[in-house]
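Here is a short report on one protein model.

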Amino acid sequence: MDRVSGVCRFGGVVSAVRTRTGRSRRRLTGQNQVPEEIPEAPRRGLGAILVLTCILVYHNCLYCGFVFDDISAIKENRDLRPQTPISNIFLNDFWGTPIHKEQSHKSYRPLTVLTFRWNYVVHGLQPAGYHLVNLILHALVSLLYYRVCAMFLPEFASFVAAILFAVHPIHTEAVTGVVGRAEMLSSLFFLGALLCYARAANRRRYTDWRYVAACTCCVGIAMLCKEQGITVTGVCVVYELFVAQKRRSSGGGSRWSWLDAWGKGSGWGCACGEAARRVATVCCATLALLAARLHVMGAQLPVFTRFDNPAGAALPPSRHLTFAYLPALNAWLLTLPEALCCDWTMGTVALLRSWKDSRNLATIALAATLIAAGIHALKTRSSALSMGLALLVLPFLPASNLFFPVGFVVAERVLYMPSMGWCLLVAHGWRLLAKKRAKLAAAALIFLILAFSAKTYVRNWDWKTEYTIFASGLKVNRNNAKLYNNVGHALEAEGRYAEALEFFNTAVNVQPDDVGAHINVGRTYNHLGRYQEAEDAYVKAKSLLPKAKPGESYQARIAPNHLNVFLNLANLISKNATRLEEADLLYRQAISMRADYTQAYINRGDILIKLNRTKEAQEVYERALLYDSGNPDIYYNLGVVLLEQGKASQALAYLDKALELEPEHEQALLNSAILLQELGAADLRHLARQRLLKLLDKDATNERVHFNLGMVCMDEGDAECAERWFRAAVHLKPDFRSALFNLALLLADRRRPLEAAPFLKQLVRHHPDHVKALVLLGDIYINSVKDLDAAESCYRRILELEPDNVQALHNLCVVAVERGKLAIAEECLTRAAALAPQEHYIQRHLNVVRARRVAALSSSSNSAQQNPTASATTEVRARWNYIPQQPPDPHENDAS
């Protein structure tokens, strides 16, 4: 018999056995070894079924909104906005926080954030588009996974693995939750890297280095989508050792001969083998990527609180026992995904406090199962079993808490990659069962697919709103205070404060030391107007904050959101003008605990403005810019401070800077438009109109926007346009002080006093102390309506408010003249002239009244004719001095 053999020193002996007929066959080694079937290429028809299944099971995710982590990663992440420099994506973490900051989660996933940014460019914050991209990505991952499984299983068995992966309920958090895109993008390139490596290792005598290069690129991209992606390097090594080299090994020798060859050859001879060079290249590239990743995060692990991961703060052996148990819990969720929950932090998983805890049996069972499966894979040299275990275990390691603590106990979306291994193992087992019990295997498969599909479809609806996702979590876990808090937040957002308070109080009962729960209780009491109870809740929350320890940084020990207790308490007590200094002290305390707590600077600046310490407020805001130079709110508030100081041009520059950073900043749009209007230039009025119309597109119910558009029209001399906008503002807010007065004034100036009167009455009804409105209404009563009693009532009301109001006193004198009570009118005008000797019209009217009295007292008709000019041509009328109504100050909320 002719034998031709060759040796690869790294991976084992490669031999071929040629029969006399010239056909080659693989020699079997070991009595228990069964020849593996050669995988077939996947068919397109089955791939189409796979895609259709994904669409059927996940199409209802398109009706879901942004929930849970989507709020921080999408709605509140400024890195998605087109005006934000794209370079920020590579400087900040997944949530938009600069990665060098202590409060950053260090989750560096710039390529995932980049896809979110593309979504935002196309359709803004419409959730359906984001969900559609996730659905497409899941279908692509399922197809690629089908192709990978076909390397280790026959065609239909690989299809079984792929369809189980496509419908597995554990994936709902990754697919239906928008932030789960990180898992899918990383998985896409994870599988791409494995396929490229398989192609590179496909040749017997040489390596196709193009595919090795493509593999390393995919590793890098997978890592930049999510950290787990880097684990594909370990999977490639397993593939090289247990698949590629096994296929090349010779038939002679023991079942371990292919591993024995690993150590054959000496020193550099082994390293020079093709397999060794492939593995070394990929591993070195991975180490370089890992070093770069550590450099980006500053070689610092993120800081998490004991509420995020209680076991991380526990003492041994509780810490180690709990962390060892968590893989078993994750394996159970993969096997029986019935009790799914969006949040597994806080008290969800009770700590294992001793070796006597029965849950330790699950830890031992999982360890024994994995070891037994590994030994069996070595004995049988099963590619499917080896790769299934690698795909199950290796991608899970970064999130296992075994090497370093992470910010969660269990997270269902991190099981997206490990589930590939689980599905491959199940499909392998199903194939073995089908050889012996075909009907049982078929029935079990149909049941499993239908059950998983139904569970996934129903579970998708849980992600529709914030309320539904957290309420569904409470059905599974009643010991997680965070779930109660989040249900309360959802109810609070809907204005259902009484119901929200019940959930917040329950959270306090479940976790009495939860600072956030007490803050939530206080805030809800504040919404309900129960201010003393709100203050008590905030004081309780403040007492629960950790106390500073010698030599330990306070900054690293306190959660940033817990510092909100200082802000909330200060905001509450600042409603009392006598406690502004106390509020300022609270803000200073918060800043002393975290120097980079920019929100405390912003709020403190507002308090300093109220205390009329604008110079200090300016310094506070400028200091805040040192920590957050990209915060548009800080620039806006600096603009407000400069307005208080009368520096309109500088204020406008800061408002424009706020709009440069956030073009949709509503307050900056409105107040910069007001400033532009006040500057008076025609081109600036045009820009003001543009900004106001932009605001109107965002919110057509904002009465202040309508009012200021009316003011722009007034400045341009377009009375009809101004009237239309003023009427719209009054329609939206019937007690809008400025709009009512300016509309009435406009109508009066256009000689439509009878139309102006109802708006003035409406204004006086809502604001009885509006002096100018009373003066104008009295003028209309005298000159147009001829209702002297009503006019007198208006003027007397003004004099009650302002006893020295010369104009009201003069017009009251006019009422006496109209009634023919010249003596009273003369006395009245004499008082008015004494109060305002510089007002010549009062003296002139006094002379007219005196002349009339002389004429009335004269018995001779000739005496009346001696001064015809005074009696006939001079008329005493109510005087209205028009004073243009200015827009509200930019920093001031119109209380009307």
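This is a predicted model: local features need pLDDT of at least 70, side-chain atom pairs count only at pLDDT 80 or more; totals for chains, interfaces and linings use all residues.

Residues are numbered from 1 along each chain as its sequence is written, and side-chain values use heavy atoms, leaving out hydrogens and water.

**Cores.** A nonpolar core is a set of buried Ala, Val, Leu, Ile, Met, Phe, Trp, Tyr and Cys residues joined through side-chain atoms within 4.5 Å. Buried means under 20% relative accessible area, exposed over 50%, and partly exposed in between (1.4 Å probe, protein chains only). The largest core holds 240 residues. Tyr145, Phe152, Leu194, Tyr239 and Met387 have the most contacts inside it. Helix H7 (residues 181-200) gives the most to this core, with 12 residues. A second, separate core has 14 residues, including Ala73, Leu80, Ile89 and Val178.

Leu194 touches Val148, Met151, Val232, Val235, Cys236, Tyr239 and Met387 (heavy atoms within 4.5 Å). That list leaves out residues up to four places away in sequence.

**Two residues.** Helices here are DSSP runs (H or I, at least four residues), numbered from the N terminus.

The C-alpha atoms of Val279 and Val212 are 9.3 Å apart. Along the chain, 67 residues separate the two.

**Patch.** Leu132 also belongs to a nonpolar surface patch with Ile136, Leu140 and Leu143. Together they have about 310 Å² of accessible area (Shrake-Rupley method, 1.4 Å probe, only the protein chains shown counting as cover). Patch residues have over 30% relative accessible area and no salt bridge, with nonpolar side chains (Val, Leu, Ile, Met, Phe, Trp, Tyr) joined within 5 Å and like charges within 9 Å. A salt bridge is a side-chain nitrogen of Lys or Arg within 4 Å of a carboxyl oxygen of Asp or Glu.

Technical notes: Helices (H or I, at least four residues) and strands (E, at least two) are DSSP runs, numbered from the N terminus.
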